[in-house]
Each structure stands twice: as C-alpha cells, then as structure tokens.
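Welcome, and please open the model in your viewer. We will begin with the whole molecule and then select one part after another.

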Amino acid sequence: MEHLPVEVIGNILSQAGSAKNVIIASATCRKWREACRYHLHSLSFNSEDWPRDLTTRQLEILITQTIFQTIGLQRLSIHIDNSHEFSAAPVIAWLMYTRETLRRLSCNVRTSPNVNILEKCGRQRLEVLDLDHSAITGVEPSYQRFTCLKSLSLRHVSISALDLNLLVKACPKIESLTLDALEIVTADSQSTMDLISQTLKTFCAKSLAVDKIFLEADNLETLHLNALNLDLFELVGKSTLKNLKIDDVSVTQLEMGDSTMNLEVVDVSNFTIIWPKFYHTINRASKLKKLRIWGVIFDEEDEIVDSEAIAMSFPNLRHLSLSYELRDGLVHYNLQGNSLLENVNTLELGWSVISEHFGPWVFGMMERCPNLKKLVIHGVLSEAKTKEERQMLASFTSFIVRLMRRYEHVDVQFEYE
C-alpha cells in the first residue's frame with residue numbers, strides 16, 4: 001500500500017461507502033490523510049452508521065469537520081433520520097463549501113428554518129440532485145438555473161405545481177425526473193400538474209395527490225406510474241417511448257396519442273383496466289418485445305385479454321406474462337383464433353384464486369407458442385384450504401406433470417406466494 005500513488009488511495013477511499021470508514025482510514029497515516037484531503041471525491045453520511053447516543057449537535061460538528069477537511073468533493077450524500085433536526089447554518093455552510101466542485105448531491109436533512117437548496121446550488125455544475133423531506137418555494141428560473149443537471153429526484157417534498165414546472169424548465173439538460181410522495185399545491189380545485197421538457201427521457205411519478213397530469217416530453221423513453229388515482233394522464237410526445245410501467249394505478253382517462261408506437265416493454269399490474277381501451281392505446285406498438293398484464297381488474301365482467309389480438313398486433317413479442325381472474329366461460333374467448341405467438345420464448349402465467357379453468361388455459365397458451373423455451377407458473381397459496389381447493393391444486397399438479405412430459409424441451413418453473 002505504501003507504494004500506491006496518493007491519487008489512487010483517494011480513489012479507493014472514495015469507494016468506501018460510509019463516511020465513517022473514510023474517517024477511520026484517514027487516521028492510518030499521513031499519506032492517507034493527504035489522500036482524504038486532496039483526492040477524496042465522494043462522502044456519504046447516514047445517521048444509522050453512527051452510535052444512537054450521538055446528539056444532533058455532535059452530528060452537525062462531525063459532518064462539518066469531515067467535509068471541511070476535503071478539497072474538491074464531487075459526490076455528497078447526507079441522510080439523517082427523523083429524530084434529528086439540524087440548524088440551517090451548518091447545512092448552508094456544507095453546500096457553500098462544496099458547490100463549485102459538486103456533481104452529485106443527495107440530501108435528506110430536516111432543518112430549522114428550511115434551507116433553500118436550489119438557491120445555494122443553482123448556476124453550478126450539479127448533474128444529479130436527490131432531495132428528500134424538504135420544501136421548495138419561489139423558483140426563479142433565471143437565477144436558480146441548473147445548466148448541467150441531468151437527474152432530479154424529489155421525495156416527500158412540498159412544492160407548488162407552478163414551481164415544479166418552473167424547476168423542470170430551469171434544467172435544460174434534464175433526462176431523468178422522479179417525483180415520489182410530493183405535497184403539491186395547485187391553484188385550481190382539480191389539482192392539475194403540467195410538466196414540459198424537450199430533453200426528458202425517464203419520468204417516474206409515485207403517490208402524487210393530483211387529479212390530472214399533463215406531460216409534454218418529445219424524447220421520453222421510459223414512463224413509470226405508481227400508486228396514483230387520476231382522472232386524466234396525458235402524454236404528448238414523438239413516438240420515442242420504449243418502456244411503459246403502470247403499477248397500482250386508477251386512471252379514468254389515459255391519453256398517449258402516437259407516443260406508444262415504438263414501445264418495446266409494457267408492464268401493467270394491479271390496475272383497473274378497460275381492456276379494449278388500453279389495447280387501443282398500445283396496439284400499434286409492433287416492436288413490442290415484452291408484455292406483462294398482471295393482477296389487473298377488468299372494468300367489465302365479460303372482459304378478458306384476447307390472445308388473438310396480441311398475436312396479430314405484436315409479432316416481435318418475446319416475453320408474455322398474464323395473470324388475472326379466469327371467469328367461467330371466458331377461457332375459450334381468450335384462446336379463440338388461429339394466430340400463433342411464434343416469437344414468444346418465455347411465458348409467465350399466474351393466478352390469485354386457482355380455478356378449474358387454469359390448467360386448460362395454460363395448455364391453450366402453450367399451444368399458441370410453438371417456440372416456447374421457458375414457462376413460469378405463479379400462484380398464491382393460502383395457509384388454510386378447503387377440501388375442494390386441495391383437490392383442485394392436486395388436479396392441477398397432475399395436469400402440469402402430463403404437460404411437462406409432452407413439452408420436454410420447455411423449462412417449467414414454479415413461483416408460489
């Protein structure tokens with residue numbers, strides 16, 4: 001180790017993870033202290049890494065001393081639990097000291113009074129900003145401009161819909177935006193959130209208390225909606241969307257226009273769905289390679305996913321996953337038609353409540369996939385089962401054994417909850 005250049009030692013210590021490890025390492029010798037001061041690029045503080053009897057004031061001093069002993073920090077992460085509320089002064093001092101060299105900032109620190117992090121870090125070289133448990137007010141795009149920012153994540157942040165829109169506009173190079181459990185203040189009673197970005201490639205919205213989301217993003221490639229209850233979600237783009245994931249969402253009106261034409265992955269789960277309407281949204285995605293419809297609830301009792309329509313619309317499909325309640329008399333409708341899913345090599349099928357229809361459905365779906373290589377059966381097993389349920393599970397097991405003998409080339413796997 002004594003022959004390693006001091007720059008290399010600095011790079012090694014930058015990968016240490018916890019600032020606690022860096023502090024211990026810096027006490028090893030003079031050379032390592034020099035590496036920490038002049039060549040350390042990354043520091044990560046987490047209150048869980050330190051003794052619980054450490055007071056808030058002691059934590060403030062420890063973090064301040066450690067940061068001020070470095071020159072040229074590029075990545076700074078500070079995550080302090082709810083039991084500590086810092087004074088604003090030391091937090092401002094950390095930001096002012098590091099802002100000229102900082103590229104990545106992840107901050108979850110409660111302060112009194114609130115610290116305007118945008119004001120301290122604007123017009124600098126920040127590329128990644130991750131804020132948690134903070135408040136953002138009065139965004140001024142002309143002053144608080146983030147010309148280098150590519151990734152922005154806001155979690156448990158209080159911000160108005162207008163300020164959020166202005167903040168996104170103040171990031172001319174933004175590519176990734178994550179909004180999680182925001183407290184959004186809107187001017188209208190219907191709580192509408194409007195976002196416009198010409199550079200955005202990834203957008204994730206989770207647990208937002210709004211009724212309408214309007215997103216204009218000409219270069220969006222990945223869209224993830226999670227834990228939302230919306231009247232309207234509207235996406236305006238230029239057919240660049242490749243990945244669509246919707247999980248635990250209720251939306252009355254889903255408008256995506258031509259944005260879905262080049263989709264490659266669609267993953268929908270725990271979603272109340274009007275299948276014909278949703279199918280119309282994605283049916284022009286001829287490049288689709290993976291389709292997952294999992295745990296969905298159909299709006300109409302006689303609805304079911306039409307495998308004939310899937311085969312006709314998605315000729316390049318490789319991976320198909322389906323799981324929903326098989327109602328009486330609808331399995332035949334699901335399997336009608338003669339079109340094959342010729343390129344599907346992985347098939348995942350599941351149940352939440354097993355029925356006598358599941359076995360024939362599995363068989364019918366396998367017959368539609370002549371080049372199938374892998375079959376995964378997902379099931380939910382309750383601890384207490386009636387005699388009828390046990391007999392049904394036994395019959396299904398016997399059925400699968402016969403199926404495996406017939407399709408020896410298919411790798412069959414089981415995953416039970």
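The accessible surface of the protein comes to about 20,400 Å² (Shrake-Rupley method, 1.4 Å probe; for residues, only the protein chains shown count as cover), and carbon and sulfur atoms account for 48% of that surface. What you see is a predicted model, in which local features need pLDDT of at least 70 and side-chain atom pairs count only at pLDDT 80 or more, while totals for chains, interfaces and linings use all residues. Residues are numbered from 1 along each chain as its sequence is written, and side-chain values use heavy atoms, with hydrogens and water left out.

Taken along the principal axes, the C-alpha atoms fill a box of roughly 75 × 55 × 40 Å. A cartoon display will show 12 helices and 21 strands; these are DSSP runs numbered from the N terminus, with helices being H or I of at least four residues and strands E of at least two. Of the 417 residues, 47% are buried, where buried means under 20% relative accessible area, exposed over 50%, and partly exposed in between (1.4 Å probe, protein chains only). Contacts (heavy atoms within 4.5 Å) also tell a story: among those between residues at least 6 apart in sequence, 60% join residues at least 24 apart.

**First stop: helix α4**

Select residues 56-68, which form helix α4. The expected span of a helix is 1.5 Å times one less than its number of residues; for the 13 residues of α4 that gives 18 Å, and the end C-alpha atoms are 18 Å apart, which agrees. Now colour L59, E60, L62, I63, T66 and I67, which are buried. Looking down the axis of α4, you will find its buried residues within an arc of 165°, so they line one face of the helix; the arc is that of the directions from the helix axis to the C-beta atoms. These residues pack against α2 (19-26), β1 (42-46), β2 (75-79), β3 (86-87) and α5 (88-98).

**Second stop: S134**

Next, pick S134 in strand β6 (residues 128-135). Is S134 buried or exposed? It counts as buried, at 14% relative accessibility. Leaving aside neighbours within four places in sequence, show what S134 touches: N114, V115, H156, V157 and S158.

Move on to β13, residues 222-236. Two strands pair if DSSP finds at least two bridges between them. Strand β11 (residues 202-206) runs parallel to β13 and is joined to it by five bridges; here F203 has L223 as its bridge partner. Strand β12 (residues 212-217) is also parallel to β13, again with five bridges, and E216 partners V236.

**Last stop: the aromatic rings**

How many aromatic pairs does the structure hold? There are nine, counting rings of Phe, Tyr and Trp (its six-membered ring) whose centres lie within 6.5 Å, with planes under 30 degrees apart called stacked, over 60 edge-to-face and the rest tilted. Zoom in on W351 and F396, an edge-to-face pair at 5.4 Å centre to centre and 85° between the planes. This pair links distant parts of the chain, 45 residues apart: W351 sits in the loop between β19 (346-350) and α11 (358-367), and F396 in helix α12 (residues 387-406). W351 is buried at 5% relative accessible area, and F396 is buried with a value of 5%. To finish, select W351, F358, W361, F396, F414 and Y416, which ring pairs link into a cluster.
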